[in-house]
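Subject: Structure handover

Hello,

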Amino acid sequence: MATFVNLLSANFRSILRDRIFLAILIVALLFFLLVPSFSLFSMRQVQELAVTLCLSTISLLLLLVSVLQGASSVWRDVEKRYTSSLLGLPVSRATFVVAKFAGIAVTLVCCTMLLGALALPAISISAAQYPSDIPIHWMNIIGAIGMDCLKYILLSAVALFLSTVSTSFFFPFFGSVAIFFAGSASQEVIEYISGDYGKSLTPAAKLVINIVYYLLPNFSAFNLKVAAIYGLPFPFKGALYTFLYFIVYTSILLCLSVWSFTRRELP
Amino acid sequence: MKLKAIFLILLISYGAVVVPFTDYLRNRPVAVKLGYTPDARILKIASADHCSLVAQLAIVKVLFYYGTIVEKFTKKIDLPVEHHNMFKTVNTALKLDPYNMDAYYFTQAAFTWEVGRVREVNAVLDYGMKYRTWDYYLPFFAGFNSAYFLKDYRKAAQYMKNAAELSGDPLFTKLAARYFYESGQNQLGILFLETMRKGSKDKKIQSMYEIREKALKAVSLLEDAVVRFERERKCRPSDLSELVAANILTEIPVDPYGGKFYLAEDGKVRTTSKFAFGGKEK
């Protein structure tokens, strides 16, 4: 356990020292300063636009961090031969992979908390400029930010899995970006083919689409932005199911990552 | 020393170039174009979980474009307006985010008076009512459109009743009863425009409503003068200038859209501008 905590801590600190990570974080922080000004572009929904901007900024930053860190962490360690020296110590490959993932997950949680803490005053200031008919639903906003965090932890697990099977940085990077877009649209596609359009498809095509739908991580379920922006009732039941889905899917990906990494020949 | 001399020459050259350069940029012809917006289905996939942001960006793009058109119009520069493209862009935005109030507000502001697409606007508002179930503005807009443009008072009363129930404000039912049956259409229009103008924080949209309000007030003034003329002379004036000759009006009001008021064959006061930006569109 102590080895795991040490590795986690080392991974976390190495991410914090990453210059690209710091640059992304600084840009996001500056953007929050501009939210009250940008939200004035709206005619009738200044507060709603402020919430939209804040949630989108958080989401975009977490996307970049999860993909970059998830795709590069194992690849970088293998490339720089850290794995050779580290795994020569009494550290199992499973501990190494899970600690890598935990380091990224802790970073994502810390980023979410920091950005969330900045988003709340930015929204308050914007809303005070031109009060909306809809009161600010803080719990919905916090809930949406929390679900975003889970989504990008799941995406980082996807990127990590791809990085354990690949010898290059590009495959896990572009692969996880592609899976992110596909996983965000899969629900739309399945609902679309359930309608009239689906009648024109062959049963084999429908089967393939269904298989892909169940294989891909469903990221759209984590998107609770509309409820946060417009103060709609928060879907607690849906959020619970999504949380359980997150636990199971992430665990499966971690198992696959460990299995793949233990079978890999390292330089 | 040589380097310093080169640097000095370059600095002087910069000074010589920058003045005509910035002058050119300031006076270059500005292409006021809305541009192409991809299909909503493609945007939905491409924007992933940023649908609300992309929808808002599309609306802001339309607002900037329309604001430029209004601004140019107030400076007496007539530009053709891409109404179809604006409507398409707003519809795309609403498919991405059906809750976006800016989109509904703009649809009501730009596509009823200007282009007369009232049925399409009411269809958009009906779509919005399925999502913004708490918002009384949408049935209020649709009620006004039904009464003022479509003369469908029964439908208008239903919308206004809906607006009254949602807002808890009996003003809407009063509006339905009083203005639909007792007042003239222009009075209803003026009242609606006042409400819309006060509800907007966008200066260009406010300016658009002010122009429209001014035009309706002028029409109202002229129609009242025609009625007075008929009462006093027991005949219809053949031309609006007769109202001035009969000392009922001191002058014919100016059409803020740049047209000229005239008395149509059906007895209504009309204008050559057809109350539209960008010329004679209807």
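The notes below cover a helix pair, the chain contact and the domains.

This is a predicted model, in which local features need pLDDT of at least 70, side-chain atom pairs count only at pLDDT 80 or more, and totals for chains, interfaces and linings use all residues. Residues are numbered from 1 along each chain as its sequence is written, while chains are lettered from A and ligands numbered from 1 in the order in which they are written.

In chain A, helix H1 (residues 2–16) packs on helix H5 (residues 93–129) at about 45 degrees, with the axes 8 Å apart. Helices are DSSP runs of H or I, at least four residues, numbered from the N terminus; axes are lines fitted to C-alpha atoms over the stretch in contact, and angles run from 0 to 180 degrees between N-to-C directions.

Between chains, 21 residues of chain A are in contact with 19 of chain B (C-beta atoms, placed from the backbone, within 7 Å). On the chain A side, helices H3 (46–79), H7 (170–194) and H10 (225–230) each give two or more residues.

Chain B is divided into domain 1 (31–133), domain 2 (135–182) and domain 3 (184–282), with bounds from an automatic or database domain assignment. The centres of domains 1 and 3 of chain B, taken over C-alpha atoms, are 28 Å apart.

Regards

Key
Contact = placed C-beta atoms within 7 Å.
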